Amino acid sequence: LPAEAVALRLQADVREAVVGQQVVVEVVLYTDPDAQPVETRAAGAWNTPGVWREELDTPDPAIGRTVRDGGRTRVAYVVERLAIFPTRAGRL
């Protein structure tokens, strides 16, 4: 597949948060409609200084939804959902 056929994005429900505020983050895989992923799952846990995280229920990743992305039709698969909480102020 060409590189532009697949994109992985981290999407948050808020852009700026205060210390302790919950931010819901989704890891979303975007593919061309003709590209069928064999398996969609997160590779494992990660930790980032200044952020506390909790895993949330993830919709069935095998069920994608059709979306418009930059003028192209894509299929979006939610791979992982997290609640993250900043534990300190500043850019994280």
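Arg74 lies in strand β5. These legends describe a predicted model.

**View 1. Arg74 and the residues around it.** Is Arg74 buried or exposed? With a relative accessible area of 6%, below the 20% cut-off, Arg74 is buried. Setting aside neighbours within four places in sequence, look for its contacts with Glu4, Ala5, Val6 and Ala7, and also for those with Tyr30, Thr31, Asp32 and Pro33, among others. Its list of contacts also includes Arg65, Thr66, Val67 and Asp69.

**View 2. The largest nonpolar core.** Six residues form this core: Ala7, Val28, Tyr30, Val67, Ala76 and Val78. Strands β2 (23-31) and β5 (72-86) are the elements that each give two or more residues to it. Another core, of five residues, lies apart from it, with Val27, Val75, Tyr77 and Val79 among its members. Now find Ala7: beyond residues up to four places away in sequence, Ala7 touches Val28, Leu29, Tyr30 and Arg74.

**View 3. Tyr77 and Gly64.** Tyr77 is part of strand β5 and is buried, with a relative accessible area of 6%. How far apart in space are Tyr77 and Gly64? Their C-alpha atoms are 4.6 Å apart, although the two residues are 13 residues apart in sequence.

**View 4. A network of salt bridges.** Which residues are linked in a network of salt bridges? They are Arg53, Glu55 and Glu80. Arg53 meets Glu55 at 3.2 Å, N to O, and Glu80 at 3.5 Å between the closest N and O atoms. Because Glu80 lies in strand β5 and Arg53 in strand β3 (residues 51-56), their pair ties together parts that are 27 residues apart in sequence. Arg53 and Glu80 are buried, whereas Glu55, at 51% relative accessibility, counts as exposed.

**View 5. The largest pocket.** This pocket has a volume of about 670 Å³. Of its 21 lining residues, Val14, Arg15, Glu16, Ala17 and Leu92 are the closest to the centre. Strand β5 gives the most to the lining, with three residues. By class, the lining has 15 nonpolar, two polar and four charged residues.

Technical notes: Residues numbered from 1 in each chain as written. Predicted model: local features only at pLDDT ≥ 70, side-chain atom pairs only at ≥ 80, totals over all residues. Heavy atoms only, no water. Core = buried A, V, L, I, M, F, W, Y, C linked by side-chain atoms within 4.5 Å. Buried < 20%, exposed > 50% of the residue type's maximum accessible area, 1.4 Å probe, protein only. Helix = DSSP H or I, 4+ residues; strand = E, 2+ residues; numbered from the N terminus. Contact = heavy atoms within 4.5 Å. 1 Å grid on protein atoms, 1.4 Å probe; cavity = no way out; pocket = protein on both sides within 12 Å on 5 of 7 lines; lining within 4 Å. Points joined across faces, edges and corners; volume = space filled by probe spheres on them. Nonpolar A, V, L, I, M, F, W, Y, C, P; charged D, E, K, R; others polar. Salt bridge = Lys/Arg side-chain N within 4 Å of Asp/Glu carboxyl O.
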